[in-house]
Amino acid sequence: MLRFEDYVIDGIKFGIISPDEARKLSRVALVTDKLYDEELPVRGGPRDPHMGAIEPGERCPVCGNPPSTCPGHFGHIELAAPVIHVGFVSIINDLLKSTCRSCGRILLPQDEIKRDLELYRKLRVKWPRLAKDLVKNVIQKAAKTPKCPHCGEQQYKIILDKPYKFYEERPEGRIFLTPHEVRQRLEMIPDEHAELLGLDPEHARPEWMVLTVLLVPPLPVRTPISLETGIRSEDDLTHILVTIIRANNDLKNIIMSGAPQSIVEERWNVLQYNVSILFDNELPGVPVARHRNLRPLKGIVQRLKGKEGRFRGNLSGKRVNYSARTVISPDPLISINEVGVPEEIAKTLTIAENVTPFNIEKLRKRILNGPNKWPGANYVIRDDGRKIDLRFFKDRKALAESLRPGYIVERHLEDGDIVLFNRQPSLHRMSMMAHIVRVFPGKTFRLNLLVCPPYNADFDGDEMNLHALRLPEAIAEAYELMLVEKHILSPRYGGPIIGGGQDYVSGAYLLTSKTTLLTRDDVEFILSVTGYHGELPEPAIIKPNEYWTGKQIISLFLPKEFNFQGKAKINSGKLECADPDCFYDSYIVIKNGELLEGVFDKKAVGAQQSENIIHHMIKEYGESFAREFFDNVFKMFIRMLELKGFTMTLSDVEIPPEARERVEQVIKETYERVDKLIQQYQEGVLEPIPGRTIEETLELKIIQVLNEGRERAGKEAIEYLDPFNNVFIMARTGARGSDVNITNMAVMLGQQVVRGKRITRGYRGRTLAHFKKGDLSPESRGFVKNNFRTGLDPLETFFHAAAGREGLVDTAVKTSQSGYMQRRLINALMDLRVTYDGTVRDSEGNIVQFSYGEDLVDPMKSMHGKSVDIDRIIEKYREV
Amino acid sequence: MTPSKVRVKKKILSHKLVPKHELLSVEEAAKVLKEYNVKPYQLPHISVNDPVVRLLNGHPGNIIRITRKSPTAGESVVYRIVVAY
């Protein structure tokens, strides 16, 4: 016997089913619209059992298979009169227009047809796209010919009345072409001419586009559903088929009875409508067929089309088993490698574990616990393949006793199992990482805050998916390739993508700050969270009391021979230092595993910071070392905040009166400069910038002056802030906010901008009714001199809202556009890979790059894109 | 080669944005194909109508070695097969 593996698919041919082929495919002719007679399907009706077995226990009368293996068989309806297939109307339209109404040949001279046909056959092999264009061209040319060049017949204009009616514009008026006439004309088209019109006559004769036999889909395609009440509900397609058969029988009777043509045409139209609806129930220009409850019926097109259609809903987007989804919430105490799973979910997801002498006792306990008590088991599969559902199995004790190697136990998810964890949109490979399960009470997934950046997750209602792994291969791959610690370094820019934000940064700064001195109690409080075992270092201050610095505590966790020097984030502005000898403590120096100088801030502990301390640590001490560092040291930062307390208050954004005076002064000066510019403009002495009008020049200059003013005011005011002001600490260390945010809160908002210009639109010549026409002053064009602390006046609030809305619109547009761009890029690049010889090739082996990136550097294993970091190597061995 | 063609050749080949192109001999070409274990059509293509290819008098099936400066690797060598279109 030939197995299907012995065949290789060479190609797929699409064609149109001919009436003969339809009859050959069909196992039964449908003649009656009756579905059931006393609960039994009627022979020759739309539920005829010859179209496939569907009821449990039924055997197919055609193939003898039970429902599970019967593929279903087609039926057919012999139509009383031909009807047009709606899917082909546009092609039929083209064919009718370009062929002769009496001889069926293309309306072009014979030699031209011959030449084009030769060209067409050649083009089809090499340039199928061009061949299509040629066909289009031929159709266009032929449709314009008024008289047949072959038989001399006068041609009339064909009009298509959508969706499926054809008319001919004859001198005596507009004449309806019945589908029968249409079919006759299509039959006349010679094979060669059909070929030049883009058809393959062997598989798609033109006349097959007008149906004389309707192929009926098999029953498994349109299974009835029986409700719990025992009432059967038929599929939409079956409903449509019933109406088709009814209309067909009606038409047959009317024709037989010799009724007048008008009545026949009316019934014919009913049949045409119903057959069309079977294919597509959203045709424009005809009413939508509805169910009894007014729900539109689903045609074949509706099954395939759209987001929930067969393609996008079932083929591109599949649903999986052994998965869970719920809200996420933070847990800073679990490892970054772990995920907290609610007990309820752990009891539903199962892992199939083979019984061996080594785990038999453990699995016995699971079985005794049963399906409702965690950690238990849901199913047992015996060695004879029988699956026992523990929900309905009483004597679990006996089952546990009888357990032996060869059985499989579907046990609950337990601590230590590995699962995949994912957050949409899955934009990069860090969007789906493997975590180790910790089962917790509650209803949410718990994850360490440090893995928020790779998932781009927060806890304002985000949900995430979890997939249980069942095969040993999958589990092994997850451990080796997908575990979170294997993804600390991003292949996108050769640096760590995992790291702390917000609280972690503030905490790290407070802990490492020069002013922090910790008593023995404090040190114990902070260290207790890490599980540190070992001696405390000698206190930095011994008398009168023992005090430790935060730097000493961090040093406990640094590798003993680790060296590092580098600037901190705060190393800028007033706190700038160029070398390790830094008064402001803004230059980090680690020597032999001792943090000697410098504070930890965003640069040291933050996410997506390349070539920082953690990056070097991963490179030199490995991923699992880095993971331990993340798990232990970062918990101390949070502890530090708990110890000290950290908040922000209104007074943090209050500036002293003398600063306020300076700001007022700056605003006054700025206004004066703007007034002067406006005056210059009005006097006509303003010098235009090359390539700009005078008005544009004025606008540009005003914006420049106003922005300068805001920046100067902000800068001067910030100088007055206390360096241990909470808001200032957050902005400077990079925990949250920036100088601009502080300026907005404490000093002023400055010019509001819409579309890169001052606000100009609104009323004619002015923004609001409160201003005179042509007023160019700062306040009339959206300059906000107040700040968030003092509050905005009503007009400022309006301008601020206008600019704020633009920001919202921009982000919405930007995300959708860049998302689509990335999707296209991924589709284009998805099957490229780096082969073992270092070349980049596509799936067919075509070379795209001769050596990956030309330098063969794996960005994930590089230092921020560089293959070697000489500075670091020197640094590493200095003064060891 | 007409004098004007020589001039054009000089002009194109000496332009700073045109990397070095070389026409490979049959032996060299065979070596390249063996080195990368590829069929000729699996190499990137270059048109016979490409000005540089025309100047080198390349024909479909020839392999051309292009050596260009690379920001990441200093210098990079790629091979292209001349195609008829």
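This is a short tour of a predicted model, stop by stop, with something to select each time.

Residues are numbered from 1 along each chain as its sequence is written, and chains are lettered from A, with ligands numbered from 1, in the order in which they are written. As the model is predicted, local features need pLDDT of at least 70 and side-chain atom pairs count only at pLDDT 80 or more, while totals for chains, interfaces and linings use all residues.

**Stop 1: where the chains meet**

Show chains A and B together. Their contact takes nine residues from chain A and 12 residues from chain B; two residues are in contact if their C-beta atoms, placed from the backbone, lie within 7 Å. Now pick strand β4 (residues 74-83) of chain B: with four residues, this strand gives the most to the side that touches chain A. Helices (H or I, at least four residues) and strands (E, at least two) are DSSP runs, numbered from the N terminus. Colour that side of chain B by type and you get eight nonpolar, four polar and no charged residues. Here Ala, Val, Leu, Ile, Met, Phe, Trp, Tyr, Cys and Pro count as nonpolar, Asp, Glu, Lys and Arg as charged, and the others, Gly among them, as polar.

**Stop 2: inside chain A**

Select V341(A), V419(A) and A508(A), which touch the most other members of the largest nonpolar core, a set of 102 residues. A nonpolar core joins buried Ala, Val, Leu, Ile, Met, Phe, Trp, Tyr and Cys residues through C-beta atoms within 7 Å. A residue is buried if 20 or more other C-beta atoms lie within 10 Å of its own, exposed if 12 or fewer, and partly exposed in between, with C-beta atoms placed from the backbone. Helix α21 (residues 623-644) of chain A gives the most to this core, with eight residues. Then zoom in on V419(A): leaving out residues up to four places away in sequence, its contacts include V339(A), V437(A) and L466(A).

**Stop 3: strand β11**

β11(A) pairs with β17 (residues 432-440) of chain A in the parallel sense over five bridges, and with β18 (residues 445-447) of chain A in the antiparallel sense over two bridges. Two strands pair if DSSP finds at least two bridges between them.

**Stop 4: a sheet and its helix**

Which order do the strands of the open sheet take? In chain A the four run β12-β15-β13-β14, with antiparallel pairing. β12 (350-354) and β14 (387-389) of chain A are at the edges with a single partner strand each, so one side of each is left without a neighbour in the sheet. Find E353(A), whose bridge partner in β15(A) is V409(A).
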